[in-house]
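Hi,

Here's the structure I promised to pass on. Have a look at it first, and then read my notes below.

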Amino acid sequence: MKRLLLIALVACGSKPAPQPPAPAPTPGPVAEAPASASPPGPAPVAPKPAGHPRSDLIPRAVIFGNPERAGLQISPDGKQLSWLAPKDGVLNVWVAPVGKLDQAKAVTADTTRPIRQYFWAYTNKQILYMQDTGGDENFHVFRVDVADGKTTDLTPYKGARAAIDATSPRQPTTLMVTINDRDPKVFDLYKIDLLTAKRTLVVQNTDGFAGFDLDNDLAVRLAQKKLPDGSTQLLVPATKAGKTTWTVFDAIPFEDADTTAIVAFAPNNKAVYLKDSRGRDTGALVSLDLATKKQTVIAEDPKADSNNVIIHPTKYTLQAVAFNYLKESWKVLDTSIQKDLTNLAKLDGGEVRITSRTLDDKTWVVATTSEQHPAHYYLWDRAKQKGSFLFAARPELEKQPLVKMTPVEIKARDGLTLVSYLSLPAAADPDGDGKPNTAAPMVLFVHGGPWARDNWGYNPIHQLLANRGYAVLSVNYRGSTGLGKKFLNAGNLQWGKAMHDDLLDAVAWATQQGVTAKDTVCIMGGSYGGYATLVGLAMTPDVFRCGVDLVGPSNLMTLLSTIPPYWAPAVATFHTRMGNPETPEGKALLLAASPLTHAAAIKRPLLIGQGANDPRVKQAESEQIVAAMKSHSLPVTYIVFPDEGHGFARPVNNTAFFGAAEAFLSAHLGGSYLPLTKAEVEASTMQIKDGKAGIPGL
């Protein structure tokens, strides 16, 4: 079974990593922004007067703090449960016997960075987890023995990045791992013995492969290779006299390369399940016979690509597939689980996700979520069709006044439909129907990637900002994923152009619908969302009242010249989608789309957050735009976290940054805020490099 360990980063448009709870900040007077931080043009909206703090403001620590317990999993033999919970303020893995949660013990002991991804080994005696250092994304694979907590670094190679490629219950002590310690540009494939930590080379990646596909017996069946035009080749290996040669099996054109991918191998390893957009717009779920290359469509949707799948843990049969247009919906492929999914939907009305299963498939762990509650965890007895509630991830948050999130479809100026999500403050939508009764100041919250997407569901940024009095709108602009190849490829070479026009069209829609008023919109986002923030202020300087940029690139030329070496296989894709800096036309395009080029035009205040160890968007990207703004006496507040990377993982840092952000927004949009406390600031590593006066109440 292929293990995909996706590290959640706030800067990539996903939810911030869970952070630990702290005492609620004490509400204090709301200060006016100092004159030096006021932008040219329309005056800022007046903040709430001092001495009248709202009593329903949700403490930041309740939103961004660690969950009480999260990430629940069951051991393959069904005898033990595990989850993530704080140990001395840091998320670690805890284990307890099934039915005896009160006997839980922490089996890991990380003291600085939270563990965010882990899973059980098929031995039932070990747990595996990933961890980096200070956000550098050089992840190591760690094994912890459940019995005594002994922890072993299985990939102790300094400066290298490792990832678990696959595991299988058929070989419970084998891990297939990719590591780039030999050559930082490519990942070699190794077999690592779980018990002895011995590694054995399987494929030395001298051909520049972007990845490998392993079957259910952990045999290498295919390799992926990116070509200079951005297309993808799938190659099959053949070994003769100890030498392996690779032959092209299939070719995926560039326009389909990011909407076509292998999902899993069929039970007999003679076919693969594939998401495939070739010959259609959206990625259908298909079966591809490896001998005849005959393709059979299993499920498709005209509006959305096939997404998550449910696969039997030992038989490897496809059981269900999800499609996500406005919300996620499941198509059942195996009637043996139809009753389960029907009854699971009745648990509490939230969206249901199976997080782990026993190998005998008698017991499932499921999580239910909605936009107004994070995960509720249940133990599901398939024979009895009964769910036993175990715990909620954030019980304290559920006592707070959370708001609804409404999916909306917005028409772009050229007719494309932009799937978007709107959260309204309670005062603007007292009946909770998702339609504004009164206008409110708005934050346009832009997802990162840009080859990613926003989804319906619980979103801590939406909840924080709505609670402070803002409407929040997130837009799947062209170039976002999951909505077909036409929509994805419509973003090619459109950074700072049509992709930004989509955001402007969404702001115009919000004004027309009475969500907000003209000149009462701020733009905010991380990674590409941070870039979009800089574009908004530099290239459309009269549209947004202020901007909050989290690890956003300011100069696309320097961005592309400093990406991590192991992104080399993706360079062709970057050049095709963004512009090729090696050609005069591409260089001109990238410079024109760089906010730094237009920095002198900025009129409105900007807040920037940056991780010093960011391997994707280097600190220099923030330093450049700050220097340019200061040279033109433009208002900028610049915050650096020396122990973070591409987004903030540590609880104290997330709490501090978003405390600064809500104070900044209050000064320019007029919403409420809870001032940062001395304890919050001192607990974090926040360094305010410039513009301290731009954070009221500090």
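Let's start with the largest nonpolar core: it has 72 residues, and L444 and L473 make the most contacts inside it. By nonpolar core I mean a set of buried Ala, Val, Leu, Ile, Met, Phe, Trp, Tyr and Cys residues joined through side-chain atoms within 4.5 Å. Buried is under 20% relative accessible area, exposed is over 50%, and partly exposed is in between (1.4 Å probe, protein chains only).

Before you go on: this is a predicted model, where local features need pLDDT of at least 70, side-chain atom pairs count only at pLDDT 80 or more, and totals for chains, interfaces and linings use all residues. Residues are numbered from 1 along each chain as its sequence is written, and side-chain values use heavy atoms, with hydrogens and water left out.

What does L444 touch, leaving aside its neighbours within four places in sequence? Its contacts (heavy atoms within 4.5 Å) include L473, V507, C522 and F544. There's also a second, separate core of 37 residues, with I461 and F648 among them.

C522 counts as buried because its relative accessibility is 0%, and C546 is buried at 0% too. As for disulfides (pairs of cysteine sulfur atoms within 2.5 Å), a search of the whole structure finds zero.

Now the strands, which are DSSP runs (E, at least two residues) numbered from the N terminus. Four of them form an open antiparallel sheet, ordered β9-β10-β11-β12; two strands pair if DSSP finds at least two bridges between them. The edges are β9 (162–168) and β12 (199–203), each pairing on one side only. Antiparallel β11 (residues 188–193) and β12 are joined by four bridges, and Y190 sits opposite L201 in β12.

Cheers
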